[in-house]
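Dear colleague,

Please find below the structure that I am handing over to you. My notes on what was found in it follow directly after.

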Amino acid sequence: MSIRLAGVAIFLVAALYAWTAQDYTASFGDVLGPSVFPVMVGIPAMALALSLVVFPGGTVSWPSGDRLLRQAMALAALVVYALLLERLGFPIATAALIAVVAIILDGPPGKSLLIGVAGSLSLWVLFDQLLGLPIDFLGSFFTG
Amino acid sequence: MEILSSLALGFSVALQPLHLALLLFGCFAGTLIGAMPGLGPVNGVAILIPLTFAFGFDATASLILLSAVYFGCMYGGRISSILLNIPGDEPAVMTTLDGYPMAQQGQAANALAISGVASFVGATVAIVGLTLFAPLLARAAIYFGPADYFALYVMAFATIGGLAGVDPRKTLLSALIGLMIATIGLDPATGIPRYTGGSFNLYDGIDPIVALVGLFAISELMFLLERAIKDRDAAIRLTTWIPEAKVILGTAWATVRGAVVGFVAGVLPGAGASLGAVMSYSIEKQVSNKNGTFGKGDPRGVAAPEAGNNSASAGALIPMLSLGVPGSGTTAVMLAMLISLNVQPGPLLFERQPDLVWGLVASLYMANVMLLILNLPLIGLFTRLMAIPTWSLMPLVVAISFIGVYSISNSTFDLYVMIAFGVLGYILRKLDITLVPLVLGLLLGADMENNLRRALSISGGDYGVLVASWISVALYLATVAFLALSIWLGLRDRKRGPAAE
């Protein structure tokens with residue numbers, strides 16, 4: 001079933017892709033133009049996706065409830081990190097990221113926090129102090 | 001003689017202090033990355049690429065570092081295969097079959113030594129092959145015109161998924177998805193924005209490096225969260241570190257056979273180290289398994305796949321350097337790095353940047369010796385580091401991936417792109433769609449379109465030019481033959497039932 005659904009999804013994306021390509025026109029440039037290559041890619045992709053819908057190959061077992069929840073939590077942590085990195089500044093955000101991911105991976109909370117703080121500080125020293133990459137210690141949330 | 005002077009140039013590059021230091025670090029880090037279950041050559045190399053940019057290394061230094069890591073992984077993967085019965089990375093799967101039984105019988109020291117020596121022999125055979133054959137292939141490739149390159153790319157996409165056990169439709173679909181992603185951004189010939197949705201962030205297209213780190217590192221985290229983490233057997237303790245020379249000598253022929261088979265598998269497009277190990281093991285089993293000892297701790301069953309995966313990984317560098325078409329997942333990732341540094345591999349690379357090519361080759365000879373030293377006398381160090389629990393290691397890997405990607409352009413937009421590719425990679429891998437063709441499509445898409453453009457503007461729009469030379473016709477015929485063979489193998493396996501793998 002999953003394979004069929006994926007086939008449908010890929011078919012729709014490829015169809016939209018090939019359809020959109022027809023709008024790309026240029027009166028100058030070369031013989032090929034900007035739309036031919038996307039159409040050449042999109043049409044076989046549609047055909048292959050359709051064949052997966054009709055003759056699906058293989059089976060997929062998705063993770064069960066609690067595992068799925070852990071994955072969702074980890075993803076949420078990654079997105080929140082990207083959102084808050086520039087606001088909190090590198091060391092605080094990274095310490096939180098490392099600690100949270102470690103706890104989601106069944107690490108003991110105390111030690112996870114310790115690794116988070118130690119890991120993020122050493123990475124900050126490495127990247128900011130030694131390599132000179134511009135990474136702020138405190139983010140816009142603190143400095144203004 | 002020409003090769004000797006080229007090698008002399010290579011060693012003068014490889015012996016520069018920075019390159020030596022990177023080589024040593026790469027060998028050490030690679031062995032460790034290979035030994036850690038969950039981290040393999042592809043994601044190890046992918047995570048390191050943004051870091052090499054951050055350090056400001058040039059192409060030669062970066063390539064030396066990444067190749068050392070790549071080679072180190074091939075050595076390191078065997079350690080956890082033998083001691084934990086968990087392959088440290090994918091190519092080391094075959095080593096568990098006889099390596100773990102040997103360790104259970106108190107032969108762990110022998111198994112580690114045999115596999116270390118076999119790795120060394122395998123890699124050496126392949127590096128000698130690389131030295132001899134890569135320049136020849138590059139010289140032949142000079143005759144390729146734009147239409148021939150287009151045909152070569154078509155063949156690379158069709159064949160990179162490998163032969164056995166893969167649905168060829170999924171492989172092709174993966175490549176096409178990669179090509180679709182590659183067209184996002186401003187069209188290089190006409191300057192028209194394609195598939196950007198009006199977002200200026202996408203005008204430069206998707207940075208392949210950002211996509212790669214997401215596809216491999218973030219999706220690996222998702223897989224790790226899916227598996228049970230705690231049910232891992234304790235590592236087998238070693239009673240002695242001293243191997244017996246007699247047992248090692250007994251595997252000499254198995255090692256040589258494994259090395260040759262692996263090298264051939266590596267040079268072929270799409271096979272890579274995993275298939276090299278599988279082929280070496282199955283051929284060795286057919287040749288030597290007279291008393292049914294394979295699978296129960298036969299030393300030759302350890303030597304052959306280890307020689308095979310090391311020589312395949314070095315062999316896979318040949319098509320990557322001389323044609324610009326990688327032979328495996330990890331070399332595809334290394335190609336991404338070279339393209340990002342404005343180095344276009346291919347036949348002209350050998351003429352224009354001999355210091356890069358030969359510096360790399362010379363470094364590989366030295367890396368191999370360093371790795372043998374790291375992996376025989378110093379093996380105890382790695383078995384101790386392997387005890388680091390996953391929950392403390394993986395978060396650090398994730399943090400390093402984020403810093404690396406952020407440091408490329410100092411924008412959080414790239415972080416979202418990376419996370420999105422992580423989810424995409426996870427879903428595709430769950431659907432049994434391999435990611436390597438997608439990466440290849442993403443990398444070569446622009447060049448493929450350019451070659452098509454060039455061919456058509458030479459012919460004035462006549463599509464007949466695509467099959468006008470015998471090179472392109474031969475490449476298309478080879479592609480069709482390959483696809484037919486893999487469809488036939490797939491149908492045959494289905495008739496035999498799902499038990500046959």
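How far apart do the C-alpha centres of domain 1 of chain A and domain 2 of chain A lie? The answer is 38 Å. The domain assignment of chain A places domain 1 at residues 1-61 and domain 2 at residues 63-143. Please bear in mind throughout that this is a predicted model.

Confidence

For the complex, the predictor reports an ipTM of 0.92 and a pTM of 0.87. Chain A has an average pLDDT of 86, with 92% of the residues scoring at least 70. Within chain A, helix 4 (residues 90-104) has the highest mean, 93, and helix 6 (residues 140-143) the lowest, 72. In chain B the mean pLDDT is 85, and 93% of the residues reach 70 or more. Among the elements of chain B, the mean is highest in helix 20, at 93, and lowest in helix 10 (residues 245-249), at 80.

Annotated spans of chain A

An unreviewed UniProt entry places the feature "transmembrane region" at residues 36-56, 90-106 and 113-135 of chain A. In the model, residues 36-56 of chain A are 90% helix and 0% strand, and the end C-alpha atoms of this span lie 29 Å apart. Residues 90-106 of chain A are 88% helix and 0% strand, with 24 Å between the end C-alpha atoms.

The contact between the chains

On one side of the interface, 48 residues of chain B are in contact with 55 residues of chain A. Six helices of chain B each supply at least two residues of the side that touches chain A: helix 3 (41-55), helix 8 (168-182), helix 9 (208-226), helix 19 (390-409), helix 20 (412-430) and helix 21 (436-459). Helix 19 of chain B gives the most, with eleven residues. By type, the residues on this side of chain B comprise 28 nonpolar, ten polar and ten charged.

The nonpolar core

The largest nonpolar core has 209 residues, and those with the most contacts inside it are A:Val101 and B:Val439. Helix 6 (residues 108-141) of chain B contributes the largest share of this core, 18 residues. From chain A, domain 1 and domain 2 each provide at least three residues of this core. Not counting residues up to four places away in sequence, B:Val439 touches B:Gly178, B:Leu212, B:Leu215, B:Ala332 and B:Val333.

Two residues in loops

B:Asp187 is found in the loop between strand 1 (185-186) and strand 2 (193-194) of chain B. Is B:Asp187 buried or exposed? B:Asp187 counts as buried because 20 C-beta neighbours lie inside 10 Å. Leaving aside residues up to four places away in sequence, B:Asp187 touches A:Pro34, B:Ile192 and B:Arg194. B:Gly205 is 18 residues from B:Asp187 along the chain, and their C-alpha atoms are separated by 9.4 Å.

B:Gly461 sits in the loop between helix 21 and helix 22 (470-496) of chain B. With 11 other C-beta atoms within 10 Å, B:Gly461 is exposed, since the cut-off for exposed is 12 or fewer. B:Gly461 touches A:Val31 and B:Leu456, again not counting residues up to four places away in sequence. B:Ala151 is 310 residues from B:Gly461 in sequence and 17 Å away in space, C-alpha to C-alpha.

With kind regards

Methods: Residues numbered from 1 in each chain as written. Chains lettered and ligands numbered in written order. Predicted model: local features only at pLDDT ≥ 70, side-chain atom pairs only at ≥ 80, totals over all residues. Contact = placed C-beta atoms within 7 Å. Helix = DSSP H or I, 4+ residues; strand = E, 2+ residues; numbered from the N terminus. Nonpolar A, V, L, I, M, F, W, Y, C, P; charged D, E, K, R; others polar. UniProt positions renumbered as here; feature names shortened; annotations may be inferred. Core = buried A, V, L, I, M, F, W, Y, C linked by C-beta atoms within 7 Å. Domains from an automatic or database assignment. pLDDT = per-residue confidence, 0-100.
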